[in-house]
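Have a look at the sequence and the 3D view first.

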There are 2 protein chains.
Amino acid sequence: MTTNRRKPAGRPATLPDVAREAGVSRSTASRALAGYGSVSPDARERVRAAAEKLGYRANQLARSMITGRTHTLGAIVADIQNPFFAGVTRGITDAARAAGYQVLLANTDEDVAAERAAVKMLRDKHVDGLIVAPAATTETAHLAAAHAAGCPVVLLDRQAPGLPADSVTVDNHGAAQDAVRRLLAAGHRRIALVSLLGTAPADGAGAASSDPVSTGLERIEGYRTALREAGLTDTDTYLRTGTFHREDPADLTAELLSLPEPPTAVFATDSMIALGVLSAARDHGLRVPEHLSVVTFDDTDWARAVRPRISVVAQPVQELGARAVHSLVSRIEGTTHAPEHIVLDTEFITRESIAPPCTGA
Amino acid sequence: MTTNRRKPAGRPATLPDVAREAGVSRSTASRALAGYGSVSPDARERVRAAAEKLGYRANQLARSMITGRTHTLGAIVADIQNPFFAGVTRGITDAARAAGYQVLLANTDEDVAAERAAVKMLRDKHVDGLIVAPAATTETAHLAAAHAAGCPVVLLDRQAPGLPADSVTVDNHGAAQDAVRRLLAAGHRRIALVSLLGTAPADGAGAASSDPVSTGLERIEGYRTALREAGLTDTDTYLRTGTFHREDPADLTAELLSLPEPPTAVFATDSMIALGVLSAARDHGLRVPEHLSVVTFDDTDWARAVRPRISVVAQPVQELGARAVHSLVSRIEGTTHAPEHIVLDTEFITRESIAPPCTGA
DNA sequence: GACGTCGTTGAGAACGTTCTCAATTCGACG
DNA sequence: CGTCGAATTGAGAACGTTCTCAACGACGTC
């Protein structure tokens with residue numbers, strides 16, 4: 001009754017409301033709140049008070065229309081249920097929030113078509129930039145297009161040679177080589193590698209897709225390098241790779257364990273594969289590490305809780321995500337330099353899953 | 001040279017561009033593309049062709065300003081790195097995308113202040129609705145405010161009695177009771193429960209926070225009910241609860257295992273706690289299930305791969321998320337009925353982690 | 001006292017849509 | 001032949017900001 005009551009109940013207060021309450025124009029109110037231009041201390045205070053009184057919150061949509069910035073990032077990963085990506089995503093959201101950004105999430109299940117669709121959706125939503133763990137190495141036209149159109153892209157965990165984008169990865173080759181060396185040092189000679197690469201091609205053709213992700217390839221190369229160093233020339237005898245959604249790591253491992261001369265150690269290229277390896281070992285009645293040594297990428301929470309505790313190549317998952325955000329944000333906020341490729345260190349954590357090879361078997 | 005070239009290189013095509021190309025007004029072009037109002041087949045086709053030629057994509061921000069809809073959902077969970085929430089989030093993003101929505105993600109680490117901040121940020125971003133696993137049961141004013149302001153909220157995994165919002169949960173009481181019954185049936189009488197409830201209060205006061213989440217409480221009640229059924233009146237002897245970020249489940253378990261009459265079975269209220277239990281058991285030199293039977297909520301991928309495989313109460317994690325999205329979307333798109341409380345079934349999966357109590361110890 | 005400068009202010013355009021409304025056309029019907 | 005109604009169309013407002021620009025007054029300097 002006392003004052004003009006029209007806004008308090010209805011929709012949220014807008015800038016004109018604040019301006020009216022403070023007795024200034026929209027322009028001055030906007031300047032006072034956004035803190036640019038020049039506003040007298042008196043006006044600034046009146047606007048501040050009016051905004052607080054009305055519980056004013058600027059409409060980010062309207063702001064975005066003008067500024068062209070949404071302060072939203074898109075994160076495109078293979079599968080949030082994979083502990084590696086869960087950790088990375090956690091790092092992304094935390095770093096993004098600290099930098100004043102929110103994160104829109106999309107999963108691809110390693111499918112390029114899904115990735116393309118996700119990029120489309122996120123660009124429609126006008127994200128300021130994209131953090132992508134690309135599902136393919138060469139099929140990246142949609143990423144290049146986004147980048148060229150002013151929506152910067154940073155690659156996470158995986159490289160894409162043709163793309164002039166920043167990337168944040170780890171030294172997969174070195175880390176894999178180091179891990180296999182540990183197995184060699186323990187006396188193993190028959191060391192297997194189990195991995196999943198690429199997705200099943202549309203036609204049910206040959207083994208792996210022709211365009212697999214760099215990470216897996218580098219780990220395999222590191223494995224081969226370590227074997228060669230040890231004088232083992234036939235590096236692919238115990239190498240088993242399948243494709244996502246088609247092969248099961250447990251089956252690949254089972255096949256290995258049924259060989260006349262089965263491996264005495266297995267190197268899994270990620271934690272999901274390690275679970276398959278463990279499962280297959282259990283089904284074959286083999287004990288880890290007495291009958292079979294096991295090493296894997298990714299220090300998941302279960303790796304240090306189960307019996308035996310698993311030796312792992314620990315990746316700095318959260319930092320991976322955080323660094324990607326930092327690269328992306330600095331790119332969004334105007335830095336134009338040549339693409340930078342950040343490579344973070346991994347750490348080998350020795351636990352109980354490595355033992356000398358079982359001489360009996 | 002032939003046609004007027006001004007848009008193709010520069011910024012993306014807008015509706016006026018399409019209208020000009022098709023020789024109609026903005027209004028007609030908009031109608032043709034959005035499919036409302038009435039447009040002649042001829043004009044519709046010309047607009048469609050023009051849009052395709054120019055690669056037109058409607059600016060969602062501008063659209064949102066008018067319609068008040070962003071087709072974006074906010075998901076607020078405790079921690080995406082917890083496999084339960086990872087699964088739920090996966091269900092949310094998949095269902096959301098199928099319904100034409102994107103998902104903005106936020107973590108709270110079970111902290112109400114962080115939750116409040118997240119709600120604020122997400123509402124600033126004008127999400128159409130919120131899916132929240134609330135960090136507290138009664139401190140939900142920010143959620144009530146959002147709901148009242150036309151930003152519908154659906155509760156996930158946890159109830160909040162004072163809040164007139166939809167919820168999607170499981171029958172925690174029944175599931176816990178069932179799990180404990182299985183342990184009783186195996187002959188156990190000294191059955192422990194280990195759980196984490198609420199967050200540490202600002203002052204470093206008493207044991208657990210005064211406002212813990214419903215889920216944990218219900219599981220504890222189910223545990224007590226089962227014990228009472230079996231004639232065990234002293235239901236809290238082996239009950240150990242801590243608070244997030246302060247107590248470590250492994251320590252709580254270690255304490256239990258050091259008791260003069262230690263428990264012969266442990267019920268963990270989630271997978272992260274189960275890891276602590278397993279870890280403590282290993283440190284005490286106890287074998288599962290020979291010396292200690294273990295049961296937990298959440299069927300994580302490691303539970304069925306480790307040795308022994310762990311018996312679990314499996315929650316339909318993805319469906320939990322999907323149902324939350326469906327409730328939320330139908331609420332967003334206009335349904336106004338009384339809050340509905342969806343309760344999904346859990347499934348007890350018997351594996352190798354339960355054995356009769358060890359008579360020796 | 002004239003002039004330039006600086007600080008402050010408001011009018012108004014812009015962003016790219018959706019949507020209301022009035023105008024126009026055309027066929028049908030009385 | 002006049003009129004009603006339906007179908008189609010375009011002009012223009014609206015959404016809530018940011019930002020450019022010109023205007024205005026005060027102040028210092030010559």
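Which residues does Phe267(A) touch, leaving out those up to four places away in sequence? They are Ala179(A), Val180(A), Leu183(A), Ile191(A), Ala192(A), Leu193(A), Tyr223(A) and Val295(A). Touching here means that C-beta atoms, placed from the backbone, lie within 7 Å.

A quick note before going on: this is a predicted model, where local features need pLDDT of at least 70, side-chain atom pairs count only at pLDDT 80 or more, and totals for chains, interfaces and linings use all residues. Residues are numbered from 1 along each chain as its sequence is written, while chains are lettered from A and ligands numbered from 1 in the order in which they are written.

Phe267(A) belongs to the largest nonpolar core, which has 188 residues. Along with Ile131(A), Ile131(B) and Phe267(B), Phe267(A) touches the most other members. A nonpolar core is a set of buried Ala, Val, Leu, Ile, Met, Phe, Trp, Tyr and Cys residues joined through C-beta atoms within 7 Å, and buried means 20 or more other C-beta atoms within 10 Å of a residue's own.

Now for the contact between the chains: chain A puts in 33 residues, and chain B puts in 33 residues. On the chain A side, S2(A) gives the most, with 6 residues.

DNA strand D has 27 residues around it, and the closest include Leu15(A) and Ser25(B). "Near" means a C-beta atom, placed from the backbone, within 6 Å. H4(A) gives the most here, with 5 residues.

Key:
Buried ≥ 20, exposed ≤ 12 C-beta atoms within 10 Å, placed from the backbone. Contact = placed C-beta atoms within 7 Å. Helix = DSSP H or I, 4+ residues; strand = E, 2+ residues; numbered from the N terminus.
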